[in-house]
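Please open the model in a viewer and keep the selection panel at hand. The stops below proceed from one selection to the next.

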Amino acid sequence: MADENKKIVDARGSSCPGPIVELSKAYRVAKVGDIIEVWATDPGIKADAQAWANKTKNQVLDVKEENGVIKVTIKILNR
Amino acid sequence: MERKKVVIVGCGDGGIILAHRLIKDFDVTLIDKNTMHYFQPWQLHIAFHGAKEKKIEKRKLLPRRANFVNKEVKSVDLANRKIVLSDGEMGYDYVVVDTGSRGDYSKIPGHNELFNEFGDTHSDTAGAQRLWSKVKSFSGGDAVIGISYPTYKCPPSPNEAAFMFEEYINKHKLKPKTKITFVTPFPRAYPAEPINEFVEQAMKERGINIMTFFDVESIDTKNRTISSIEGDTIHYDFAALVPPHVGAGIVKDFSDNDGFIKTDKFKLNIGNYDDAFCMGDATNIQTSKSAVTGHIQSEVISERLRGKDARFNGRTHCPFEFGYHKATFVISSYTAPALKLKPSTTNYLMKMGMKYLAWPVLKGEMNWFFGFYFNMTDPDKRAKSK
(Lines give C-alpha, C1' and ligand atoms only; values in the text may rest on other atoms or scores of the structure.)
Protein backbone atom coordinates (compact mmCIF):
# COMPACT_ATOMS: atom_id res chain seq x y z
CA MET A 1 0.00 0.00 0.00
CA ALA A 2 1.30 3.42 -0.91
CA ASP A 3 1.49 4.73 2.61
CA GLU A 4 2.58 8.21 1.60
CA ASN A 5 -0.93 8.75 0.21
CA LYS A 6 -2.62 7.47 3.35
CA LYS A 7 -4.18 10.01 5.65
CA ILE A 8 -5.42 9.13 9.12
CA VAL A 9 -8.45 11.02 10.34
CA ASP A 10 -8.58 10.61 14.10
CA ALA A 11 -12.13 11.26 15.24
CA ARG A 12 -11.98 9.07 18.34
CA GLY A 13 -14.12 10.33 21.18
CA SER A 14 -16.27 12.53 18.99
CA SER A 15 -19.81 11.51 18.29
CA CYS A 16 -22.10 12.14 15.37
CA PRO A 17 -21.56 14.15 13.27
CA GLY A 18 -17.92 14.52 14.41
CA PRO A 19 -16.35 11.63 12.46
CA ILE A 20 -18.12 12.42 9.20
CA VAL A 21 -17.19 16.10 9.61
CA GLU A 22 -13.53 15.15 9.90
CA LEU A 23 -13.86 12.84 6.89
CA SER A 24 -15.39 15.55 4.72
CA LYS A 25 -12.70 18.03 5.79
CA ALA A 26 -10.03 15.51 4.75
CA TYR A 27 -11.87 14.96 1.44
CA ARG A 28 -11.75 18.69 0.74
CA VAL A 29 -7.96 18.47 0.32
CA ALA A 30 -7.74 14.86 -0.97
CA LYS A 31 -6.65 13.69 -4.42
CA VAL A 32 -7.61 10.65 -6.50
CA GLY A 33 -5.63 7.64 -5.28
CA ASP A 34 -5.44 8.82 -1.65
CA ILE A 35 -6.39 6.47 1.14
CA ILE A 36 -8.28 7.97 4.06
CA GLU A 37 -8.51 5.95 7.26
CA VAL A 38 -11.09 7.23 9.71
CA TRP A 39 -10.68 6.28 13.37
CA ALA A 40 -13.82 6.63 15.42
CA THR A 41 -15.41 5.35 18.60
CA ASP A 42 -18.97 6.26 17.56
CA PRO A 43 -20.54 3.23 15.82
CA GLY A 44 -22.62 5.58 13.64
CA ILE A 45 -19.53 6.02 11.47
CA LYS A 46 -20.01 2.61 9.80
CA ALA A 47 -23.32 3.48 8.14
CA ASP A 48 -22.42 7.14 7.64
CA ALA A 49 -19.08 6.39 5.94
CA GLN A 50 -20.75 3.88 3.60
CA ALA A 51 -23.50 6.36 2.71
CA TRP A 52 -20.87 9.04 2.21
CA ALA A 53 -18.81 6.78 -0.07
CA ASN A 54 -21.87 5.84 -2.14
CA LYS A 55 -22.75 9.48 -2.52
CA THR A 56 -19.27 10.66 -3.45
CA LYS A 57 -18.50 7.57 -5.60
CA ASN A 58 -15.53 6.59 -3.46
CA GLN A 59 -14.82 3.11 -2.15
CA VAL A 60 -14.90 1.70 1.37
CA LEU A 61 -12.04 -0.82 1.33
CA ASP A 62 -12.28 -2.08 4.87
CA VAL A 63 -14.13 -1.66 8.16
CA LYS A 64 -12.55 -3.16 11.24
CA GLU A 65 -12.75 -2.83 14.98
CA GLU A 66 -9.67 -2.90 17.21
CA ASN A 67 -9.96 -2.39 20.97
CA GLY A 68 -13.16 -0.40 20.64
CA VAL A 69 -11.81 1.77 17.82
CA ILE A 70 -13.59 1.52 14.48
CA LYS A 71 -11.26 1.98 11.52
CA VAL A 72 -12.84 2.67 8.15
CA THR A 73 -10.48 2.68 5.17
CA ILE A 74 -11.65 4.61 2.14
CA LYS A 75 -10.03 4.86 -1.27
CA ILE A 76 -10.54 8.12 -3.08
CA LEU A 77 -11.60 7.35 -6.66
CA ASN A 78 -13.37 10.58 -7.35
CA ARG A 79 -12.42 14.12 -6.49
CA MET B 1 -5.68 37.65 50.93
CA GLU B 2 -4.65 39.22 47.66
CA ARG B 3 -7.17 38.77 44.89
CA LYS B 4 -5.85 36.81 41.92
CA LYS B 5 -6.02 38.51 38.54
CA VAL B 6 -8.23 36.80 35.95
CA VAL B 7 -8.05 38.17 32.42
CA ILE B 8 -10.88 37.18 30.07
CA VAL B 9 -9.80 37.67 26.47
CA GLY B 10 -12.86 38.44 24.37
CA CYS B 11 -15.96 39.74 26.05
CA GLY B 12 -18.55 37.30 24.69
CA ASP B 13 -21.64 35.78 26.30
CA GLY B 14 -19.68 33.16 28.25
CA GLY B 15 -17.01 35.64 29.36
CA ILE B 16 -19.61 38.09 30.66
CA ILE B 17 -21.42 35.42 32.68
CA LEU B 18 -18.06 34.19 34.00
CA ALA B 19 -17.09 37.73 35.07
CA HIS B 20 -20.22 37.88 37.25
CA ARG B 21 -19.45 34.49 38.78
CA LEU B 22 -15.88 35.54 39.64
CA ILE B 23 -16.16 39.17 40.66
CA LYS B 24 -16.72 38.47 44.38
CA ASP B 25 -13.37 36.68 44.78
CA PHE B 26 -11.17 37.76 41.89
CA ASP B 27 -9.79 40.84 40.19
CA VAL B 28 -11.47 40.53 36.77
CA THR B 29 -10.40 42.21 33.52
CA LEU B 30 -12.08 41.70 30.15
CA ILE B 31 -10.49 42.73 26.86
CA ASP B 32 -12.42 43.18 23.61
CA LYS B 33 -11.91 45.21 20.46
CA ASN B 34 -15.67 45.81 20.26
CA THR B 35 -17.75 47.84 22.69
CA MET B 36 -21.22 46.74 21.55
CA HIS B 37 -22.84 43.42 22.40
CA TYR B 38 -25.41 41.88 20.06
CA PHE B 39 -28.12 39.30 20.71
CA GLN B 40 -27.04 37.08 17.83
CA PRO B 41 -30.03 34.69 17.63
CA TRP B 42 -32.04 37.75 16.64
CA GLN B 43 -30.30 37.88 13.25
CA LEU B 44 -32.70 35.14 12.09
CA HIS B 45 -35.62 37.36 13.04
CA ILE B 46 -34.06 40.39 11.32
CA ALA B 47 -33.52 38.31 8.16
CA PHE B 48 -36.92 36.58 7.99
CA HIS B 49 -39.30 38.88 9.89
CA GLY B 50 -37.66 42.27 9.39
CA ALA B 51 -37.18 42.61 13.17
CA LYS B 52 -35.04 45.34 14.73
CA GLU B 53 -31.57 44.49 16.05
CA LYS B 54 -31.06 43.97 19.77
CA LYS B 55 -27.82 45.36 21.18
CA ILE B 56 -26.32 46.94 24.26
CA GLU B 57 -22.96 48.33 25.36
CA LYS B 58 -20.79 45.51 26.72
CA ARG B 59 -19.83 47.71 29.68
CA LYS B 60 -23.47 47.76 30.83
CA LEU B 61 -23.55 43.96 31.02
CA LEU B 62 -20.44 43.70 33.22
CA PRO B 63 -20.10 43.85 36.99
CA ARG B 64 -19.25 47.40 38.06
CA ARG B 65 -15.97 46.30 39.64
CA ALA B 66 -14.72 44.50 36.50
CA ASN B 67 -12.19 46.31 34.28
CA PHE B 68 -13.07 46.56 30.61
CA VAL B 69 -10.21 47.19 28.21
CA ASN B 70 -11.29 48.18 24.69
CA LYS B 71 -8.26 46.93 22.77
CA GLU B 72 -7.38 44.26 20.26
CA VAL B 73 -5.49 41.22 21.55
CA LYS B 74 -2.78 40.13 19.12
CA SER B 75 -1.74 36.93 20.87
CA VAL B 76 -1.72 35.02 24.13
CA ASP B 77 1.62 33.53 25.17
CA LEU B 78 0.92 30.85 27.77
CA ALA B 79 4.57 29.90 28.34
CA ASN B 80 5.42 33.48 29.35
CA ARG B 81 2.01 34.31 30.91
CA LYS B 82 1.63 37.28 28.65
CA ILE B 83 -1.19 38.83 26.63
CA VAL B 84 0.07 40.87 23.71
CA LEU B 85 -2.17 43.84 22.87
CA SER B 86 -2.13 46.15 19.86
CA ASP B 87 -0.16 48.54 22.10
CA GLY B 88 1.64 46.86 24.97
CA GLU B 89 1.32 43.73 27.09
CA MET B 90 -0.63 42.46 30.07
CA GLY B 91 0.17 39.78 32.64
CA TYR B 92 -2.26 37.51 34.52
CA ASP B 93 -2.67 34.87 37.19
CA TYR B 94 -5.35 33.14 35.13
CA VAL B 95 -6.38 33.68 31.53
CA VAL B 96 -9.69 32.65 29.94
CA VAL B 97 -9.97 32.82 26.17
CA ASP B 98 -13.48 33.62 24.93
CA THR B 99 -12.73 34.96 21.47
CA GLY B 100 -15.63 33.20 19.74
CA SER B 101 -15.84 32.25 16.08
CA ARG B 102 -16.59 34.18 12.91
CA GLY B 103 -17.58 33.50 9.31
CA ASP B 104 -14.65 33.14 6.93
CA TYR B 105 -15.87 33.91 3.43
CA SER B 106 -12.42 33.41 1.89
CA LYS B 107 -12.56 29.62 2.30
CA ILE B 108 -15.00 29.17 -0.59
CA PRO B 109 -14.45 30.84 -3.99
CA GLY B 110 -17.40 33.13 -4.75
CA HIS B 111 -18.70 33.25 -1.17
CA ASN B 112 -17.66 36.87 -0.64
CA GLU B 113 -19.63 37.90 -3.73
CA LEU B 114 -22.65 35.89 -2.60
CA PHE B 115 -22.45 37.46 0.86
CA ASN B 116 -22.19 40.96 -0.61
CA GLU B 117 -25.36 40.34 -2.59
CA PHE B 118 -27.51 38.31 -0.21
CA GLY B 119 -26.04 38.76 3.28
CA ASP B 120 -26.77 35.96 5.78
CA THR B 121 -27.81 35.23 9.36
CA HIS B 122 -24.27 34.74 10.70
CA SER B 123 -22.46 38.06 10.22
CA ASP B 124 -23.89 41.31 11.52
CA THR B 125 -27.04 43.41 11.47
CA ALA B 126 -26.24 44.78 8.00
CA GLY B 127 -25.82 41.23 6.64
CA ALA B 128 -29.12 40.10 8.16
CA GLN B 129 -30.90 43.22 6.83
CA ARG B 130 -29.48 42.54 3.37
CA LEU B 131 -30.99 39.06 3.50
CA TRP B 132 -34.34 40.53 4.65
CA SER B 133 -34.37 42.83 1.62
CA LYS B 134 -33.90 39.73 -0.57
CA VAL B 135 -36.66 37.86 1.29
CA LYS B 136 -39.05 40.81 0.85
CA SER B 137 -38.33 41.14 -2.87
CA PHE B 138 -38.47 37.37 -3.55
CA SER B 139 -41.13 36.58 -6.14
CA GLY B 140 -40.55 32.85 -6.67
CA GLY B 141 -37.83 30.58 -8.07
CA ASP B 142 -35.11 28.37 -6.59
CA ALA B 143 -34.32 29.07 -2.95
CA VAL B 144 -31.23 27.40 -1.49
CA ILE B 145 -30.81 27.53 2.27
CA GLY B 146 -28.23 25.69 4.31
CA ILE B 147 -24.72 25.10 5.59
CA SER B 148 -21.59 25.57 3.50
CA TYR B 149 -19.02 23.87 5.75
CA PRO B 150 -19.32 21.50 8.70
CA THR B 151 -17.92 23.89 11.34
CA TYR B 152 -20.32 26.71 12.11
CA LYS B 153 -22.06 28.53 14.91
CA CYS B 154 -25.52 27.63 16.30
CA PRO B 155 -26.28 24.15 14.87
CA PRO B 156 -30.07 24.51 14.46
CA SER B 157 -29.94 27.95 12.80
CA PRO B 158 -29.74 26.84 9.13
CA ASN B 159 -32.75 24.53 9.58
CA GLU B 160 -34.54 27.33 11.41
CA ALA B 161 -33.81 29.63 8.46
CA ALA B 162 -35.38 27.11 6.05
CA PHE B 163 -38.49 26.80 8.24
CA MET B 164 -38.82 30.56 8.69
CA PHE B 165 -38.39 31.20 4.95
CA GLU B 166 -41.00 28.57 4.10
CA GLU B 167 -43.43 30.14 6.56
CA TYR B 168 -42.85 33.54 4.95
CA ILE B 169 -43.40 32.45 1.35
CA ASN B 170 -46.40 30.35 2.35
CA LYS B 171 -47.96 33.40 4.00
CA HIS B 172 -47.25 35.45 0.88
CA LYS B 173 -48.72 32.79 -1.43
CA LEU B 174 -45.43 32.20 -3.28
CA LYS B 175 -45.31 28.50 -2.51
CA PRO B 176 -46.46 27.23 -5.94
CA LYS B 177 -43.75 29.29 -7.64
CA THR B 178 -40.93 28.30 -5.29
CA LYS B 179 -38.63 25.34 -4.87
CA ILE B 180 -36.83 25.35 -1.51
CA THR B 181 -33.75 23.15 -1.10
CA PHE B 182 -31.94 22.68 2.18
CA VAL B 183 -28.26 21.82 1.66
CA THR B 184 -26.07 20.26 4.35
CA PRO B 185 -22.67 18.53 4.53
CA PHE B 186 -24.12 16.06 7.07
CA PRO B 187 -25.72 12.70 6.29
CA ARG B 188 -29.10 13.95 7.55
CA ALA B 189 -31.10 17.19 7.60
CA TYR B 190 -30.07 17.55 11.26
CA PRO B 191 -27.03 15.67 12.57
CA ALA B 192 -28.57 14.47 15.86
CA GLU B 193 -30.88 11.62 14.88
CA PRO B 194 -33.63 12.00 17.50
CA ILE B 195 -34.16 15.63 16.44
CA ASN B 196 -33.68 14.80 12.76
CA GLU B 197 -36.87 12.73 12.81
CA PHE B 198 -38.90 15.88 13.51
CA VAL B 199 -36.87 17.99 11.11
CA GLU B 200 -37.17 15.59 8.17
CA GLN B 201 -40.86 15.08 8.75
CA ALA B 202 -41.53 18.83 8.91
CA MET B 203 -39.41 19.48 5.81
CA LYS B 204 -41.27 16.76 3.90
CA GLU B 205 -44.66 18.12 4.95
CA ARG B 206 -43.71 21.63 3.87
CA GLY B 207 -42.14 20.61 0.56
CA ILE B 208 -38.57 21.51 1.49
CA ASN B 209 -36.12 19.33 -0.47
CA ILE B 210 -33.11 18.04 1.43
CA MET B 211 -29.68 17.62 -0.18
CA THR B 212 -27.32 15.81 2.18
CA PHE B 213 -23.54 15.39 1.82
CA PHE B 214 -23.38 18.82 0.22
CA ASP B 215 -20.12 20.55 1.25
CA VAL B 216 -19.86 23.77 -0.68
CA GLU B 217 -16.77 23.89 -2.88
CA SER B 218 -17.49 26.99 -4.97
CA ILE B 219 -20.18 29.54 -5.75
CA ASP B 220 -20.71 30.99 -9.23
CA THR B 221 -22.60 34.24 -8.70
CA LYS B 222 -22.82 34.95 -12.46
CA ASN B 223 -24.64 31.74 -13.35
CA ARG B 224 -26.18 31.55 -9.86
CA THR B 225 -25.00 28.06 -9.04
CA ILE B 226 -23.48 26.44 -5.95
CA SER B 227 -21.27 23.33 -6.33
CA SER B 228 -20.26 20.77 -3.72
CA ILE B 229 -17.05 18.79 -3.23
CA GLU B 230 -19.25 15.69 -3.54
CA GLY B 231 -19.98 16.62 -7.15
CA ASP B 232 -23.46 18.21 -7.10
CA THR B 233 -24.43 21.61 -8.51
CA ILE B 234 -27.58 23.50 -7.65
CA HIS B 235 -29.14 26.64 -9.12
CA TYR B 236 -30.37 29.48 -6.91
CA ASP B 237 -32.43 32.63 -7.29
CA PHE B 238 -32.31 33.16 -3.54
CA ALA B 239 -29.55 31.88 -1.25
CA ALA B 240 -29.02 31.94 2.52
CA LEU B 241 -25.82 30.06 3.29
CA VAL B 242 -24.08 29.82 6.65
CA PRO B 243 -20.37 30.54 6.09
CA PRO B 244 -17.50 28.32 7.31
CA HIS B 245 -16.54 29.38 10.82
CA VAL B 246 -13.03 29.88 12.14
CA GLY B 247 -11.53 30.86 15.48
CA ALA B 248 -9.29 33.83 16.26
CA GLY B 249 -6.16 31.65 16.37
CA ILE B 250 -4.47 33.89 18.93
CA VAL B 251 -3.11 31.33 21.38
CA LYS B 252 0.47 30.65 20.39
CA ASP B 253 1.15 26.93 19.70
CA PHE B 254 -2.39 25.88 20.64
CA SER B 255 -4.50 26.84 17.62
CA ASP B 256 -5.72 24.25 15.09
CA ASN B 257 -5.90 24.77 11.30
CA ASP B 258 -9.17 26.68 11.59
CA GLY B 259 -7.93 28.89 14.44
CA PHE B 260 -9.81 27.02 17.18
CA ILE B 261 -7.98 26.52 20.45
CA LYS B 262 -6.93 23.06 21.57
CA THR B 263 -8.92 22.69 24.77
CA ASP B 264 -9.34 19.82 27.23
CA LYS B 265 -12.95 18.75 26.66
CA PHE B 266 -13.58 18.14 30.39
CA LYS B 267 -11.33 20.55 32.30
CA LEU B 268 -11.46 23.29 29.66
CA ASN B 269 -7.76 24.00 30.18
CA ILE B 270 -5.64 24.91 27.18
CA GLY B 271 -3.01 22.19 26.73
CA ASN B 272 -1.49 21.36 30.11
CA TYR B 273 -1.77 24.88 31.46
CA ASP B 274 -3.70 24.92 34.73
CA ASP B 275 -3.80 28.72 34.59
CA ALA B 276 -5.32 28.94 31.09
CA PHE B 277 -8.85 28.12 29.99
CA CYS B 278 -10.88 28.36 26.82
CA MET B 279 -14.66 28.53 26.52
CA GLY B 280 -17.55 28.96 24.09
CA ASP B 281 -17.13 29.01 20.32
CA ALA B 282 -13.34 29.51 20.57
CA THR B 283 -12.59 25.90 21.61
CA ASN B 284 -11.90 22.99 19.26
CA ILE B 285 -14.26 20.79 21.32
CA GLN B 286 -16.83 18.89 19.26
CA THR B 287 -19.85 20.46 20.85
CA SER B 288 -22.42 23.03 19.90
CA LYS B 289 -21.02 26.49 19.16
CA SER B 290 -23.64 28.50 21.00
CA ALA B 291 -23.96 30.91 23.93
CA VAL B 292 -25.59 28.27 26.10
CA THR B 293 -22.41 26.18 25.90
CA GLY B 294 -20.38 29.15 27.16
CA HIS B 295 -22.99 29.69 29.87
CA ILE B 296 -22.66 26.11 31.16
CA GLN B 297 -18.86 26.17 30.82
CA SER B 298 -18.67 29.40 32.87
CA GLU B 299 -19.81 27.43 35.90
CA VAL B 300 -17.12 24.77 35.35
CA ILE B 301 -14.35 27.37 34.98
CA SER B 302 -15.58 29.35 37.98
CA GLU B 303 -15.43 26.21 40.14
CA ARG B 304 -12.03 25.15 38.82
CA LEU B 305 -10.61 28.61 39.58
CA ARG B 306 -11.76 28.05 43.15
CA GLY B 307 -9.85 24.77 43.32
CA LYS B 308 -12.74 22.36 42.72
CA ASP B 309 -12.42 19.55 40.17
CA ALA B 310 -15.51 20.44 38.12
CA ARG B 311 -15.87 18.88 34.66
CA PHE B 312 -17.71 19.97 31.54
CA ASN B 313 -19.97 17.14 30.34
CA GLY B 314 -20.49 18.42 26.80
CA ARG B 315 -23.89 19.74 27.67
CA THR B 316 -25.90 21.61 25.04
CA HIS B 317 -29.33 23.13 25.32
CA CYS B 318 -30.15 24.80 22.02
CA PRO B 319 -33.55 26.25 21.16
CA PHE B 320 -34.72 25.17 17.70
CA GLU B 321 -37.48 27.04 15.89
CA PHE B 322 -39.70 25.09 13.50
CA GLY B 323 -41.81 27.99 12.21
CA TYR B 324 -45.57 28.38 12.80
CA HIS B 325 -44.94 29.15 16.50
CA LYS B 326 -43.38 25.79 17.26
CA ALA B 327 -39.94 25.02 18.66
CA THR B 328 -37.96 22.28 20.37
CA PHE B 329 -34.68 22.12 22.30
CA VAL B 330 -31.59 20.11 21.44
CA ILE B 331 -30.47 18.80 24.82
CA SER B 332 -27.49 16.45 24.81
CA SER B 333 -24.06 15.82 26.33
CA TYR B 334 -20.88 13.91 25.47
CA THR B 335 -22.54 10.67 26.54
CA ALA B 336 -26.28 11.29 26.21
CA PRO B 337 -27.73 11.54 22.69
CA ALA B 338 -30.21 14.37 22.04
CA LEU B 339 -33.53 13.98 23.82
CA LYS B 340 -36.52 13.43 21.55
CA LEU B 341 -38.46 16.57 22.41
CA LYS B 342 -41.42 17.22 20.16
CA PRO B 343 -41.68 20.76 18.77
CA SER B 344 -44.31 22.66 20.76
CA THR B 345 -45.74 26.11 21.33
CA THR B 346 -44.54 26.10 24.96
CA ASN B 347 -40.95 25.60 23.78
CA TYR B 348 -41.47 28.36 21.24
CA LEU B 349 -42.56 30.77 23.97
CA MET B 350 -39.50 29.79 26.02
CA LYS B 351 -37.24 30.41 23.04
CA MET B 352 -38.83 33.80 22.32
CA GLY B 353 -38.57 34.66 26.02
CA MET B 354 -34.78 34.58 25.68
CA LYS B 355 -35.04 37.86 23.78
CA TYR B 356 -36.17 39.51 27.01
CA LEU B 357 -34.06 37.37 29.34
CA ALA B 358 -30.77 37.59 27.39
CA TRP B 359 -29.30 40.58 29.23
CA PRO B 360 -30.45 39.52 32.73
CA VAL B 361 -29.00 36.05 32.01
CA LEU B 362 -25.64 37.51 31.01
CA LYS B 363 -25.62 39.64 34.16
CA GLY B 364 -26.03 36.52 36.26
CA GLU B 365 -29.43 37.66 37.52
CA MET B 366 -31.03 34.42 36.34
CA ASN B 367 -28.42 32.02 37.78
CA TRP B 368 -30.86 30.88 40.45
CA PHE B 369 -33.32 29.85 37.73
CA PHE B 370 -30.91 28.40 35.17
CA GLY B 371 -28.98 26.45 37.82
CA PHE B 372 -32.24 24.70 38.66
CA TYR B 373 -33.46 24.44 35.06
CA PHE B 374 -30.23 23.01 33.59
CA ASN B 375 -30.02 20.55 36.46
CA MET B 376 -33.62 19.46 35.97
CA THR B 377 -33.09 18.91 32.24
CA ASP B 378 -29.62 17.32 32.52
CA PRO B 379 -29.53 14.54 29.89
CA ASP B 380 -26.89 12.57 31.84
CA LYS B 381 -29.19 12.39 34.87
CA ARG B 382 -32.10 11.28 32.72
CA ALA B 383 -29.97 8.58 31.14
CA LYS B 384 -28.98 7.31 34.61
CA SER B 385 -32.53 7.28 35.96
CA LYS B 386 -33.78 5.14 33.08
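Select Lys57(A), which counts as exposed because it has 12 C-beta neighbours inside 10 Å; a residue is exposed if 12 or fewer other C-beta atoms, placed from the backbone, lie within 10 Å of its own, buried if there are 20 or more, and partly exposed in between. Lys57(A) sits in the loop between α2 and β3 (59-66) of chain A. Helices (H or I, at least four residues) and strands (E, at least two) are DSSP runs, numbered from the N terminus. Although Lys57(A) is not a glycine, its phi is positive, about 60°. Most residues other than glycine have a negative phi.

This is a predicted model, in which local features need pLDDT of at least 70 and side-chain atom pairs count only at pLDDT 80 or more, while totals for chains, interfaces and linings use all residues. Residues are numbered from 1 along each chain as its sequence is written, and chains are lettered from A and ligands numbered from 1 in the order in which they are written. The model scores ipTM 0.81 and pTM 0.93. For chain B the mean pLDDT (the predictor's confidence in each residue, from 0 to 100) is 95, and 99% of the residues reach 70 or more.

**The contact between the chains**

Display chains A and B together. Their contact takes 15 residues from chain A and 11 residues from chain B, where two residues are in contact if their C-beta atoms, placed from the backbone, lie within 7 Å. On the side of chain A that touches chain B, α1 (18-28) and α2 (44-56) of chain A each supply at least two residues. The most comes from α1(A), with seven residues. By class, this side of chain A has seven nonpolar, four polar and four charged residues; Ala, Val, Leu, Ile, Met, Phe, Trp, Tyr, Cys and Pro count as nonpolar, Asp, Glu, Lys and Arg as charged, and the others, Gly among them, as polar.

**The two domains of chain B**

Now colour domain 1 (5-100 + 248-385) and domain 2 (103-245) of chain B separately; the bounds come from an automatic or database domain assignment. Taken over C-alpha atoms, the centres of these domains are 26 Å apart. Across the boundary, 27 residues of domain 1 of chain B are in contact with 27 residues of domain 2 of chain B. On the domain 1 side, α2 (42-49), β21 and β22 (326-332) of chain B give two or more residues. That side has 13 nonpolar, seven polar and seven charged residues.

Between β21 and β22 of chain B, select His325(B) in the loop. Its phi is positive, near 60°, in a residue other than glycine. His325(B) is partly exposed, with 14 other C-beta atoms within 10 Å.

**Helix α8 of chain B**

Next, select residues 291-305 of chain B, which form helix α8. This helix of 15 residues reaches 21 Å from its first C-alpha to its last, close to the 21 Å expected at 1.5 Å a residue; the expected span is 1.5 Å times one less than the number of residues. Among the buried residues are Ala291(B), His295(B), Val300(B) and Leu305(B). The buried residues pack against several elements of chain B, including β1 (5-9), α1 (13-22) and β20 (273-278). Just after α8(B), Gly307(B) takes a positive phi of about 85°.

**Leu78(B)**

Move to Leu78(B), in the loop between β6 (73-77) and β7 (82-85) of chain B. With 19 C-beta neighbours inside 10 Å, Leu78(B) counts as partly exposed. Beyond its neighbours within four places in sequence, Leu78(B) is in contact with Val251(B), Lys252(B), Ile270(B), Tyr273(B) and Ala276(B). The C-alpha atoms of Leu78(B) and Val251(B) are separated by 7.6 Å, although these residues are 173 residues apart along the chain.

**The nonpolar cores**

Finally, which residues have the most contacts inside the largest nonpolar core? They are Val38(A), Ile145(B), Phe165(B) and Ala239(B), in a core of 82 residues; a nonpolar core is a set of buried Ala, Val, Leu, Ile, Met, Phe, Trp, Tyr and Cys residues joined through C-beta atoms within 7 Å. Helix α6 (residues 157-171) of chain B gives the most to this core, with six residues. Each of domain 1 and domain 2 of chain B contributes at least three residues to this core. Apart from this core lies another, of 45 residues, among them Leu22(B), Tyr94(B), Phe260(B) and Cys278(B).
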